[in-house]
Amino acid sequence: MSAVGCAPQRSDRATRFRGRATLAAAGAAAAVLLVSGCSAGKGGDAHFVAGTDGISTVPAGQRIAAPELSGETLEGKQLDVADYQGKVVVLNVWGSWCNPCRAEAKYFAAVAKDYTDQGVQFVGINTGDGSTTSALAFEKDFDIPYPSLYDPTGKLMLRFEKGTLNPQAVPFTLILDREGKIAARSLSALNEERLLKMLKPVVAER
């Protein structure tokens, strides 16, 4: 699957992207631009080693901790990603308005179910949706079995170190190791094969 996330850039796409303006503003404030999706510059991503299929990894000794990622889920419950330390965490940033997000959702749902008993926790971060209604419908449509933090304006993304991700283009996925450090990333949509290619090496670490 070659679908790449792309945040709308023009006013004539406003109806296709509710909350475009706030998300774009958040991205500008972050000043984070990577070669991915519609982005056109580079960030300080020296720790990442580019691999095939758009997957980048970080050697164990060079990994940095993920920032604090906590808040309310789409269902209104409190969630703190730090509570999952000791597990491998798959962070997937998505929006219900995003066609590549819809394309990859079934693969995330399937792998999340398959790895429930293998010390892996999936967490979504929903962004760009002006209300939870469409996001909850998305989760129902694709039978998503894991929680998603509700981050409509992209504030959680601004907490990541410069160069880690591109807040202007979704979807993207990060894998956190058992110490809560960023081990791998993809800045485009994933199919099941590519998702497992990211996940399996981190699960195998001891």
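Student: In what order do the 7 strands of the open sheet run?

Tutor: In this predicted model, 7 strands form an open sheet with mixed pairing. The edge strands are β1 (49-50) and β7, each of which pairs on one side only.

Student: Over how many bridges do β5 and β8 pair, and in which sense?

Tutor: Strand β8 covers residues 172-176. Two of the bridges to β8 can be named: Asn92 has Thr173 as its partner, and Leu91 has Leu174. The pairing of β5 with β8 is antiparallel and extends over 5 bridges.

Student: Which residue in β9 stands opposite Ile175?

Tutor: β8 and β9 also pair in the antiparallel sense, over 4 bridges. Their hairpin has 5 residues between the strands, and Gly180 there takes a positive phi near 80°. The residue of β9 opposite Ile175 is Ala184.

Student: How many of the residues of β8 are buried?

Tutor: In a regular strand the side chains alternate between the two faces of the sheet. On one side of β8 lie Phe172, Leu174 and Leu176, and on the other Thr173 and Ile175, and all are buried. Both faces are thus covered, and the number of buried residues in β8 is 5 of 5.

Student: Which peptide bond is cis, with omega near 10°?

Tutor: The proline concerned, Pro171, is found in the loop between β7 and β8. With omega near 10°, the cis peptide bond is that from Val170 to Pro171.

Student: To which backbone oxygen does the side chain of Arg185 reach?

Tutor: Arg185 is placed in strand β9 (residues 182-186). With a relative accessible area of 6%, Arg185 is buried, because the cut-off for that class is under 20%. At 2.9 Å, its side chain reaches the backbone oxygen of Thr164.

Student: Which residue caps the N-terminal end of α3?

Tutor: The cap is identified by a side-chain oxygen that lies 3.4 Å from the backbone nitrogen of Thr133. The residue that provides this oxygen is Ser131.

Student: What is the phi of Asp143?

Tutor: Asp143 is placed in the loop between α3 and β7, just after α3. At a relative accessible area of 47%, Asp143 is partly exposed. Although Asp143 is not a glycine, its phi is positive, at about 55°.

Student: How many residues apart in sequence are the parts tied together by the pair of Phe122 and Tyr146?

Tutor: The rings of Phe122 and Tyr146 form a tilted pair, 5.4 Å centre to centre with 35° between the planes. Phe122 lies in strand β6 and Tyr146 in the loop between α3 and β7, so the parts tied together are separated in sequence by 24 residues.

Student: Are Phe122 and Tyr146 buried or exposed?

Tutor: The relative accessible area of Phe122 is 3%, and that of Tyr146 is 8%. Because buried means under 20%, each value falls within that class. Phe122 and Tyr146 are buried.

Student: Which residues form one aromatic cluster?

Tutor: A pair of aromatic rings is described by the distance of the centres and the angle of the planes. For Phe138 and Phe142 the centres are 4.9 Å apart and the planes are at 50°, so this pair is tilted. The residues of the cluster are Trp94, Phe138 and Phe142.

Conventions: Residues numbered from 1 in each chain as written. Predicted model: local features only at pLDDT ≥ 70, side-chain atom pairs only at ≥ 80, totals over all residues. Heavy atoms only, no water. Polar contact = N/O pair within 3.5 Å; in protein donor to acceptor, adjacent residues only side chain to side chain. Buried < 20%, exposed > 50% of the residue type's maximum accessible area, 1.4 Å probe, protein only. Pairing = 2+ DSSP bridges. Phe/Tyr/Trp six-rings, centres within 6.5 Å; stacked < 30°, edge-to-face > 60°.
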